[in-house]
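Here is a short report for a reader meeting this structure for the first time. Look over the sequence and the model, then read on.

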Amino acid sequence: MAEDALWARDVQKRYERRGTQPVDALRGVSLSIRPGERVGLLGRNGAGKTTFLRIASTLLWPTSGEVRVFGHDIVNHPEEGRPLIAVVPQDGKPFMHLTPYEQVYTYLRTRGFDRATSKQRTTEVLGQMGLTEVADRLNLALSGGLRQRVMVATVIATEAPLLFLDEPTIGMDPFARREVWECLRRLSKKGSTLLLTTHYLDEAEQLSDRLYIIDRGRVLVEGSPEGLKAQIGGTIRVSLKGGMRLKETLATFGTVATDGLDVHVILGPDRVEEVLQLALREKLSATVGPVSLEEAFLRVVGRSIDDES
Ligand SMILES: Nc1ncnc2c1ncn2[C@@H]1O[C@H](COP(=O)(O)OP(=O)(O)O)[C@@H](O)[C@H]1O
Ligand SMILES: [Mg+2]
């Protein structure tokens with residue numbers, strides 16, 4: 001059987017700085033990714049996603065634990081893993097005073113590719129990513145979406161078999177996000193293995209064959225987006241705005257999750273009407289919809305992904 005593209009066992013990371021409390025960013029993360037899989041690491045801000053990605057991409061040392069990239073122990077021999085991976089870091093930006101062409105070409109040269117190969121790949125990748133038209137403009141003149149595409153193009157051009165992307169669409173408008181999603185889908189069709197982190201549930205659902213939901217440095221659950229939704233045990237979600245005070249009553253209808261002062265009830269179709277009657281009597285506005293990954297997340301983590309409290 002082929003080696004896992006990435007294999008991590010009980011990875012722990014404690015950040016220690018003099019004069020401050022140590023932070024246990026990872027408390028024993030284990031995961032494995034088969035070659036060609038697209039895996040999402042989903043979690044709230046501060047969950048430990050970036051820390052894990054930095055460790056898996058040899059940019060940071062774990063406090064303890066094992067990490068293998070295609071069988072290579074990258075904790076003790078990072079140099080063995082490096083040619084096999086490429087990373088789009090969180091908040092990574094292209095060099096503003098280079099053009100997309102120069103950006104990709106220069107990166108390939110620093111990774112050790114010869115001139116001819118670098119030239120050919122740069123032209124090819126810029127074409128695939130729809131960047132040919134802007135290839136000779138300065139990155140600083142490009143929109144946020146295009147800059148991110150340049151970042152993605154840069155790692156794709158390496159043809160590294162394992163790619164890491166840390167929040168690849170953070171802060172982008174919906175159109176730019178979709179463009180990046182499209183690029184990543186195409187990439188994965190070509191056989192690349194992807195590990196991406198995100199705190200966008202729709203992105204996780206759109207781009208992942210499999211998800212690990214992490215919170216406070218631990219993996220809470222793992223599965224396909226469909227599988228995770230199926231675990232919730234209901235098909236319909238009723239959300240009651242300001243329904244917190246009815247939490248106990250609502251729990252008799254189905255699974256309840258809170259989100260600030262709002263309450264979501266996950267239940268089967270037969271009891272939806274009763275809940276809506278209750279909302280009407282209590283003068284609360286209610287919305288009804290199919291369960292989504294958001295409910296799976298609420299159920300597993302106990303808080304909404306945007307709940308910063
Ligand atoms: N260099 C650092 N020094 C101290 N604490 C850190 C450092 N980097 C991250 N942390 C802390 O570690 C935890 C996990 O952070 P991070 O991995 O960035 O999470 P995420 O990417 O999921 O938002 C957070 O509590 C964060 O504040
Ligand atoms: Mg992060």
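This is a predicted model: local features need pLDDT of at least 70, side-chain atom pairs count only at pLDDT 80 or more; totals for chains, interfaces and linings use all residues.

In soluble globular proteins, nonpolar side chains tend to be buried together.

What does Val152 touch, leaving out residues up to four places away in sequence? Its contacts are Val88, Met129, Pro168, Val180 and Cys183.

The protein chain has 309 residues, and 42% of them count as buried. Its secondary structure comes to eleven helices and 14 strands. Along the principal axes, the C-alpha atoms fill a box of roughly 75 × 45 × 45 Å.

The chain is divided into two parts: domain 1 (6-229) and domain 2 (233-290). The C-alpha centres of domain 1 and domain 2 are 38 Å apart. Now take the contacts between residues at least 6 apart in sequence. Of these, 67% join residues at least 24 apart.

## Strand pairing

Strand β4 (residues 64-69) pairs with β1 (residues 6-15). Strand β4 also pairs with β5 (residues 72-73). The table sets out both pairings.

| Strand pair | Sense | Bridges | A facing pair |
|---|---|---|---|
| β1 and β4 | antiparallel | five bridges | Arg9 and Glu66 |

β4 and β5 form a hairpin, with two residues between them. Phe70 sits in the turn and has a positive phi of about 45 degrees.

## Around ligand 1

Which residues surround ligand 1? The shell consists of Tyr15, Val23, Ala25, Gly43, Asn45, Gly46, Ala47, Gly48, Lys49, Thr50 and Thr51. By type, the shell divides into four nonpolar residues, six polar and one charged.

Where does the shell come from? β2 (23-33) and α1 (49-56) each supply at least two of its residues. The largest share, three residues, comes from α1.

Conventions: Residues are numbered from 1 along each chain as its sequence is written. Chains are lettered from A and ligands numbered from 1 in the order in which they are written. Two residues are in contact if their C-beta atoms, placed from the backbone, lie within 7 Å. A residue is near a molecule or strand if its C-beta atom, placed from the backbone, lies within 6 Å of it. Helices (H or I, at least four residues) and strands (E, at least two) are DSSP runs, numbered from the N terminus. Ala, Val, Leu, Ile, Met, Phe, Trp, Tyr, Cys and Pro count as nonpolar, Asp, Glu, Lys and Arg as charged, and the others, Gly among them, as polar. Two strands pair if DSSP finds at least two bridges between them. Domain bounds come from an automatic or database domain assignment. A residue is buried if 20 or more other C-beta atoms lie within 10 Å of its own, exposed if 12 or fewer, and partly exposed in between; C-beta atoms are placed from the backbone.
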